[in-house]
Amino acid sequence: QVQLVESGGGLVQAGGSLRLSCAASGGTFSFYVVGWFRQAPGKERNLVSIISRGGDSTSYADSVKGRFTISRDNAVNTVYLQMNSLKPEDTAVYYCAAKSPTSSAYNYWGQGTQVTVSS
C-alpha cells in the first residue's frame, strides 16, 4: 500500500514557477508509474504528465509541453513537477497518482495541492 503526499503548491503570478513534490511511503516506489493530474473548479480531472518507473520515459499533455518537466528520484521516493511560465489556466488542484505498470487504473492518490496563478 502506497501513500502519496503532494506539496509545493501556492499562489504565483503569471509567468512564474513552482515545483510540486509527491512523496511516497509504504511501498517499493520504483515499482510504480507515477502521474500528475489536475482538476480546475467545475471541470474534470485531467492527466498532466506521466513518468515511467525508472524515469527514462515521460509524456505531457499538449497544454503543458515545453513548460512543465516531470522527474523522479527513487532514492528518496519522490516525484517532482517543475512548472515554468505558468498561466492563469494552470490554476487547479494538482494530484499525483501511482499505478503498477500492468494496471490501466491509478490505484493510489494523494490528497492534492492547490496551485493558483494570478494574471
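This is a predicted model: local features need pLDDT of at least 70, side-chain atom pairs count only at pLDDT 80 or more; totals for chains, interfaces and linings use all residues.

Colleague: What radius of gyration does the protein chain have, and what would a compact globule have?

Modeller: A compact globule with 119 residues would have a radius of gyration near 14 Å, and the 13 Å of the protein chain agrees with that. Along the principal axes, the C-alpha atoms fill a box of roughly 40 × 25 × 25 Å. As for burial, 42% of the 119 residues count as buried. The protein chain exposes about 6000 Å², and carbon and sulfur atoms supply 47% of this area.

Colleague: Among contacts between residues at least 6 apart in sequence, what share joins residues at least 24 apart?

Modeller: That share is 54% in the protein chain.

Colleague: How should I read a disulfide, and which residues does it join here?

Modeller: In general, a disulfide is a covalent bond between the sulfur atoms of two cysteines. The structure holds one disulfide, which joins Cys22 to Cys96 with an S to S distance of 2.1 Å. This pair links distant parts of the chain, for Cys22 lies in strand E3 (residues 18-25) and Cys96 in strand E9 (residues 92-99), 74 residues apart.

Colleague: Is the disulfide right-handed or left-handed, and are Cys22 and Cys96 buried or exposed?

Modeller: The torsion about the S-S bond of Cys22 and Cys96 is about 70°, so the disulfide is right-handed. Both Cys22 and Cys96 are buried.

Colleague: Which residues of the largest nonpolar core touch the most other members?

Modeller: This core has 27 residues, and those that touch the most other members are Leu4, Trp36, Phe68, Val79, Leu81, Met83 and Tyr94. Several strands each supply at least two residues of the core, among them E3, E9, strand E4 (33-39) and strand E8 (78-83).

Colleague: Let us close with a single residue. Where is Thr78 placed, and why does it count as buried?

Modeller: Thr78 is in strand E8. Its relative accessible area is 9%, and Thr78 is buried because the cut-off is under 20%. The side chain of Thr78 reaches the backbone oxygen of Val76 at 2.9 Å. Leaving aside residues up to four places away in sequence, Thr78 touches Ser21, Cys22, Ala23, Phe29, Ser71, Arg72 and Asp73. One of these, Cys22, belongs to the disulfide discussed above.

Definitions and conventions. Residues are numbered from 1 along each chain as its sequence is written. Side-chain values use heavy atoms; hydrogens and water are left out. A disulfide is a pair of cysteine sulfur atoms within 2.5 Å. Helices (H or I, at least four residues) and strands (E, at least two) are DSSP runs, numbered from the N terminus. Buried means under 20% relative accessible area, exposed over 50%, partly exposed in between (1.4 Å probe, protein chains only). A nonpolar core is a set of buried Ala, Val, Leu, Ile, Met, Phe, Trp, Tyr and Cys residues joined through side-chain atoms within 4.5 Å. The radius of gyration is taken over C-alpha atoms; the globule rule is 2.2 Å times the number of residues to the power 0.38. Contact means heavy atoms within 4.5 Å. Accessible areas come from the Shrake-Rupley method with a 1.4 Å probe; for residues, only the protein chains shown count as cover. A polar contact is a pair of N or O atoms within 3.5 Å; within protein, one must be able to donate a hydrogen and the other to accept it, and residues adjacent in sequence count only if both atoms are side-chain atoms.
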